[in-house]
Amino acid sequence: MDKKQIAGEAAVGYIEDGMTIGLGSGSTVYWTIKRLGVLVSEGLRVSGIPTSLKTEKLAKACGIPLVSFKDVRNIDITIDGADEVDPNLNLIKGGGGSLLREKIVAFASKSLIIVVDEEKLVNRLGNFPLPVEVTPFGIENTLQKITGLGCEAKLRMKDNQLFLTDNNNFIADCKFKNIEFPSKLSIELNQIPGVIENGLFYDIVNKVIIGSENSSVRTLEGSG
Ligand code: 5RP
């Protein structure tokens, strides 16, 4: 079985009847949402808060009832993917461009479960360029300030056009040599006017479920 599928489906084991669930974005949590849809069709009562328009569409197609922050204040559990996971369970997220909504939903959740294949495990964050959501206004100035922190920043493109997030912002993909102190860098980035949010998630993860080659799955426990 596909490593992403094993990890994604395993996360459903943590969902209980009556829960409100943050639904992450990407090709690993895709399998969580598909499996959850089956359980809903069999009678499980849950509601979901999607972290992207793509996830919203998928969840609707799977028959998962959706709610928004107008309806609920607390989310029981959020299940999401990641682009890199370090030994302290700090993450880089935003490969799909949904980091802002993902962070809002994760921070509103009692528990955050990350689903990945084993290739996402790294000794130190930073090989994957860090996605940073930035406003179009003043973009040249904002990029200059970001690169001043010691990275090469490239605006993300899609189909020969600047990639737009679900919030109509740009993504700067920022290649740092390595990221030694994620919390320090996250604070520095977010202090730059024009930066909306960055893809570093630290001290927030409760579990990482990892799908491996031989169809096995293992779970790391975090302090989040
Ligand atoms: C989207 C994300 C995704 O969770 C991350 O990119 C992982 O995606 P995938 O499971 O497809 O590898 O942060 O913004």
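Me: On what basis are residues numbered and atoms counted here?
Reply: In this predicted model, local features need pLDDT of at least 70 and side-chain atom pairs count only at pLDDT 80 or more, whereas totals for chains, interfaces and linings use all residues. Side-chain values use heavy atoms, with hydrogens and water left out, and residues are numbered from 1 along each chain as its sequence is written.

Me: Which residues have the most contacts inside the largest nonpolar core?
Reply: A nonpolar core is a set of buried Ala, Val, Leu, Ile, Met, Phe, Trp, Tyr and Cys residues joined through side-chain atoms within 4.5 Å. Buried means under 20% relative accessible area, exposed over 50%, and partly exposed in between, with a 1.4 Å probe and protein chains only. The largest such core has 21 residues, and those with the most contacts inside it are I21, I33, L36 and I64.

Me: Which element gives the most to this core?
Reply: Helices (H or I, at least four residues) and strands (E, at least two) are DSSP runs, numbered from the N terminus. The greatest contribution, 4 residues, is that of α2.

Me: Is L36 buried or exposed?
Reply: L36 is found in helix α2, residues 29-41. Leaving aside neighbours within four places in sequence, L36 is in contact (heavy atoms within 4.5 Å) with V12, I15, I21, L23, L44, V46 and I64. Because its relative accessible area is 1%, L36 is buried.

Me: Which residues is I64 in contact with, leaving aside its neighbours within four places in sequence?
Reply: I64 is among the residues with the most contacts inside the largest core. Its partners beyond four places in sequence are L23, I33, L36, G37, V40, G48 and A59.

Me: Which residues of helix α1 are buried, and what covers them?
Reply: Helix α1 spans residues 3-10, and its buried residues are K3, Q5, I6, A7 and G8. At the N-terminal end, D2 caps α1, with a side-chain oxygen 3.0 Å from the backbone nitrogen of K4. The cover over the buried residues includes α2, β6, β14 (207-211) and β15 (217-221).

Me: How much of the ligand does the protein bury?
Reply: An oxygen atom of the ligand lies 3.4 Å from a polar backbone atom of G81, and a polar side-chain atom of E102 lies 3.1 Å from a ligand oxygen. Accessible areas come from the Shrake-Rupley method with a 1.4 Å probe; for residues, only the protein chains shown count as cover. Taken alone the ligand exposes 380 Å², of which the protein buries 91%.

Me: Which residues come nearest to the ligand?
Reply: A residue is near a molecule or strand if one of its heavy atoms lies within 4 Å of it. The shell divides into 1 nonpolar, 10 polar and 6 charged residues; Ala, Val, Leu, Ile, Met, Phe, Trp, Tyr, Cys and Pro count as nonpolar, Asp, Glu, Lys and Arg as charged, and the others, Gly among them, as polar. Of the 17 residues around the ligand, those that come nearest are S27, T28, D83, G94 and K120.

Me: Is F128 buried or partly exposed?
Reply: F128 lies in the loop between β6 and β7 (130-134). Not counting residues up to four places away in sequence, F128 touches D83, E84, I92 and G95. Because its relative accessibility is 29%, F128 counts as partly exposed.

Me: What is the relative accessible area of D159?
Reply: D159 lies in the loop between β9 (157-158) and β10 (161-162). Its phi is near 50°, a positive value in a residue other than glycine. Most residues other than glycine have a negative phi. D159 is exposed, because its relative accessible area is 69%.

Me: What is the phi of N168?
Reply: N168 is placed in the loop between β10 and β11 (170-176). N168 is exposed, with a relative accessible area of 52%. Although N168 is not a glycine, its phi is positive, at about 60°.

Technical notes. Polar contact = N/O pair within 3.5 Å; in protein donor to acceptor, adjacent residues only side chain to side chain.
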